[in-house]
Amino acid sequence: MAVLWLAAATVAGLVLRHEIDEVFDSALQEVAQRVLPLAYAEVLARDSDEPQRVPPVGPHREYITYVVRDAAGTVLLQSSDADRSAIPKDLTHGFATTATLRIYTEAAVQGTILVTTAEDLAHRGAAVRKAVLALLWPLAALVPVAVAGVWLAVWLTLRPVLEFSSGLEARGRGNLSAVSIEGLPDEILPLADAVNALIARLRSALEAERGFTANSAHELRTPIAAALAQTQRLVAELADEPRRERARAIEQSLRRLSRLSEKLLQLAKAEGGGLVSEHPAPLGPVLRLVVEELDRQFDCGDRLDVTIPPDGGPALDLDPDAFAVLARNLVENAVRHGDPDGSVRIRLADDRFEVTNGGPAVPADRLSALTRPFERGPTRAAGSGLGLAIAAAICEGAGLTLDLASPVPGGSDGFRATVRFASATGSRRARS
């Protein structure tokens, strides 16, 4: 718009310059023709050969001056502001232009009297410049107003689109519900409908996959438990030691299979929805229950160094069951794979949850792979390789951050898993 406006102002200036030239040339000609008979009468009536200067009627600026000369070029009469040196002599009838003046000459009495009118070219240029500036000044105000108006119109129009985009971007991994399309422009609605349809298909596919994993693990629990009970009874009834050892080996395999089915159930929950609760709750009581359960299962209470804030720790909208699964897997991973003679430090703070254990450092190329299912570090302890994968899935779905470090910062060995919450401020606000 600014370029078009400038082009229009340029064309208008050129047209205006042409019209101004015509108007002022006509004025020069009119003044010469009006002055000529008056000058002739004045010359005839005078009694002196000295050039006469016509006094002004009042204080004013003469834009058009004139000089009356005879055939020899002698000045007979001139206007009050005429500059004789600036108006050249020996001019023929008609218009002429010098470096600074536009001139018109009119002759009478067979060329014995010549009237020359002159106008400063700077006057014409100033008139054109003022007219063009009058056209350009509105542009200086119009461009910012137009920019603001366009920006506001586009922002108001695209605000629903930005909200739609932000809603998609802010969603966690487990949130596959349809996105609101209220207020979207008609041109964007087909795209939004297509996105929601894609989310629905993705949700159906993931639910089918997770449902298969959960149902398979759940259906395995009963026959595994029955087989384990029968094997334990067989171990008690067998008197032959070699046969009893084989039965114990079967019992250990069934226990590993039972733990694996339990981990698969946890992984299905971690990768599914339900990781966020409607009301924030403190995490401290949940962590205490997890620690007590692990102490009963592994008899590791003397190894656990637990620190929980007296007020119950941060209050987050993380589902308590999801946090229990997260904490159990991290602590169980530290107990199983850490130094059996070392302690396991468990810290719950407003902004993080940390589990630290001793043991050999994990190579850097293996550390980043530990959050993948069935990946294990350099350990001989029994395990399924799903603990850190479950913790990572819960953190990703709940909008938390899981950081793994080995060796422990400031040390030469050990392993630390840190779950970072949004912020301490957010935790206290949720708690209040």
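## How α5 and α6 cross

In this predicted model, helices α5 and α6 pass each other in a right-handed crossing. Helix α5 covers residues 284-298 and helix α6 covers residues 320-337. Their axes come within 9 Å and cross at roughly 40°, and the pair is therefore classed as oblique.

So who does the touching? On the α5 side, the contact is made by V286, L287, V290, E293, L294, Q297 and F298. On the α6 side, the list runs P320, F323, A324, A327, R328, V331, E332, V335 and R336. Sorted by class, this contact has eleven nonpolar residues, one polar residue and four charged ones.

## α6 also meets α8

Helix α6 has another partner, helix α8, made of residues 387-398. These two pack at an angle of about 145°, and their axes are 9 Å apart. The crossing of α6 with α8 is left-handed, whereas that of α5 with α6 is right-handed.

Here α6 brings A322, V325, L326, N329, L330 and N333. They meet G387, L388, I390, A391, I394 and C395 of α8. The class count for this contact is nine nonpolar and three polar residues, with no charged ones. Compare that with the contact of α5 with α6, where four charged residues take part.

## The cysteines

If you're wondering about disulfides, the count is zero. Two cysteines are worth a look on the burial side. C300 has 2% relative accessibility and C395 has 1%; with a cut-off of under 20%, both therefore count as buried. C395 is also one of the α8 residues in the contact with α6.

## A look at N196

N196 is found in helix α3, which spans residues 189-237. Is this asparagine buried or exposed? N196 has 15% relative accessibility, so it counts as buried, the cut-off being under 20%.

What does N196 touch, once residues up to four places away in sequence are set aside? The answer is A178, V179 and I181.

## The whole chain

Stepping back, the chain has 432 residues, and 35% of them are buried. C300, C395 and N196 are among the buried ones. The secondary structure comes to nine helices and 13 strands.

Methods: Residues numbered from 1 in each chain as written. Predicted model: local features only at pLDDT ≥ 70, side-chain atom pairs only at ≥ 80, totals over all residues. Heavy atoms only, no water. Axes fitted to C-alpha atoms, helices over the stretch in contact; angles between N-to-C directions. Helix = DSSP H or I, 4+ residues; strand = E, 2+ residues; numbered from the N terminus. Parallel < 35°, antiparallel > 145°, perpendicular 65-115°, else oblique. Left-handed = near helix turned anticlockwise from the far one by under 90°. Contact = heavy atoms within 4.5 Å. Nonpolar A, V, L, I, M, F, W, Y, C, P; charged D, E, K, R; others polar. Disulfide = S-S within 2.5 Å. Buried < 20%, exposed > 50% of the residue type's maximum accessible area, 1.4 Å probe, protein only.
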